[in-house]
Amino acid sequence: MTPSVLSDAHAPHSPASTPPVPGIATIRATDPAIADLIVKEAQRQENTLELIASENHTSPAVMAAMGTCLTNKYAEGYPNARYYGGCEFHDQVETLAIERAKQMFGCKFANVQPHSGAQANAAAFMACMEPGSTFASLVLKDGGHLSHGMKINFSGRYYNPVHYPLHYDVSHKDFERIDYDAVEKVVLEHKPKMLLCGYSAYPRTIDFARFRAIADKVGALLMSDVAHIAGLIVGGAHPSPFPHSHIVTTTTHKTLRGPRGGLILTNDEELAKKIDKAVFPGMQGGPLMHVIAAKAIAFGECLRPEWKTYAAQVVRNAKALADALIKLNYRITTGGTDNHLMLVDLRKRSEALTGADASRWLERSGIISNMNGIPSDPRPPKVTSGIRLGTPAITTRGLREADMATVASFIDRALSAGLKGETEFTHASAEIRNDVRSLCQKFPLPH
Ligand SMILES: *Cc1c(COP(=O)(O)O)cnc(C)c1O
């Protein structure tokens, strides 16, 4: 059994801090069991280091908006064209969200209603392609997303995915990066309706202009799924997918630091109409208006000058963390990172080390990550040879480059102890949890 990171008899000198949870008294009065679990989760987030690349800590205002009466309303349709009465204020909320989304990306049309990134992608597919159409993408095991053509996903069941490769040759200067010449070959051979770029586990800058040039050779639409890097794009820390992309999809809860949700953007008016129809009534019923209000707030935060500082710091922290891990004898795929995430190939540190063991040992040490296959990984997806680490969440709580060596040392202590066996690990992980907690207390979450 995995001991909780909070119940810790070995290291009483740094007790877990309990953060404030707005509204908890109201919840407790109705449902104490759920209230207890929410408080425990708040403590977990406050007292551990969140290194999952797709997660972040939203602002109190974003969270508060999701707990409001906006959840009570049906608002099927779009601003000033609803199927239900009483939408006067919902129209204004959604219009603000749309205007801010357009401003963030410097584009002409936005649909803020997708419930999630996968829903946004499903709607984008529906808007751009008939069932059975061919599209080209990166496969999941190389860093793509399950909505980019995995066989059991809608994208692989109702469409025909073909995949383009990375450079798999270790001697190539672009080892483990996108092989753009091969992308072109795949596109020329299969003439897809759509070319899809943007990934879940790719640490390097995406060349949107190059992708567009390739798409144009066969008249394919370029779809850029910037779910992971949207916040960096808005902050100027990654090139924009516009004007190169026909259609852009994203989540709003990763680097963008908003509520869980999706967003679709375009500059093409005809496509915008198709997107709106695909989201509603094509894919979804009533929009989550409380979440759309939270999106509007998050977008407003992204439009402030401080956002540029945040985005730049996320990238600087990722580079510093990658460098610190390299010094500790870990291999980072592609040799480093340009964005907020890195893939750590654990085999250099020890052939015996798997992603599954590593992420488990890290969690028991108060460091949250996920196992992740590395390109050409010989191990299956439930074992893997790698972990994926990202800096969006720890940057939100204020950690800087100088702290990354400390974080890397915690990681190495946990994995080294894990390799030595359970007795050694139990002792070491209690100490690491304690050190992690002390660091977390210096950098409280936004409240
Ligand atoms: C996270 C992610 C998504 C899907 O987001 P959900 O909100 O989990 O549905 C889509 N595309 C990419 C590239 C992602 O990384």
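1. Lining of the largest pocket, by class. In this predicted model, 15 nonpolar residues line the largest pocket, alongside ten polar and six charged ones.

2. Helices around the largest pocket. Two helices, H2 (32-47) and H3 (60-66), each give at least two residues to the lining of the largest pocket. H2 provides the largest share, with six residues.

3. The second largest pocket. Its volume is about 750 Å³. The residues that line this second largest pocket number 35. Leu140, Gly144, Ser200, Asn370 and Asn372 are the closest to its centre.

4. Elements around the second largest pocket. Helix H5 (117-128) and strand S14 (370-371) are the elements that contribute two or more residues to this lining. The largest share is three residues, and H5 supplies it.

5. Position of the second largest pocket. Why does the second largest pocket lie between domain 1 and domain 2? Domain 1 spans 69-302 and domain 2 spans 307-442. Both domains give residues to the lining of the second largest pocket, so this pocket sits between them.

Technical notes:
Residues are numbered from 1 along each chain as its sequence is written. This is a predicted model: local features need pLDDT of at least 70, side-chain atom pairs count only at pLDDT 80 or more; totals for chains, interfaces and linings use all residues. Side-chain values use heavy atoms; hydrogens and water are left out. Helices (H or I, at least four residues) and strands (E, at least two) are DSSP runs, numbered from the N terminus. Ala, Val, Leu, Ile, Met, Phe, Trp, Tyr, Cys and Pro count as nonpolar, Asp, Glu, Lys and Arg as charged, and the others, Gly among them, as polar. On a 1 Å grid over the protein atoms alone, a cavity is a set of points where a 1.4 Å probe fits but cannot get out, and a pocket is an open set with protein on both sides within 12 Å along at least five of seven lines; lining residues have an atom within 4 Å of a point. Grid points are joined across faces, edges and corners, and a volume is the space filled by probe spheres set on the points. Domain bounds come from an automatic or database domain assignment.
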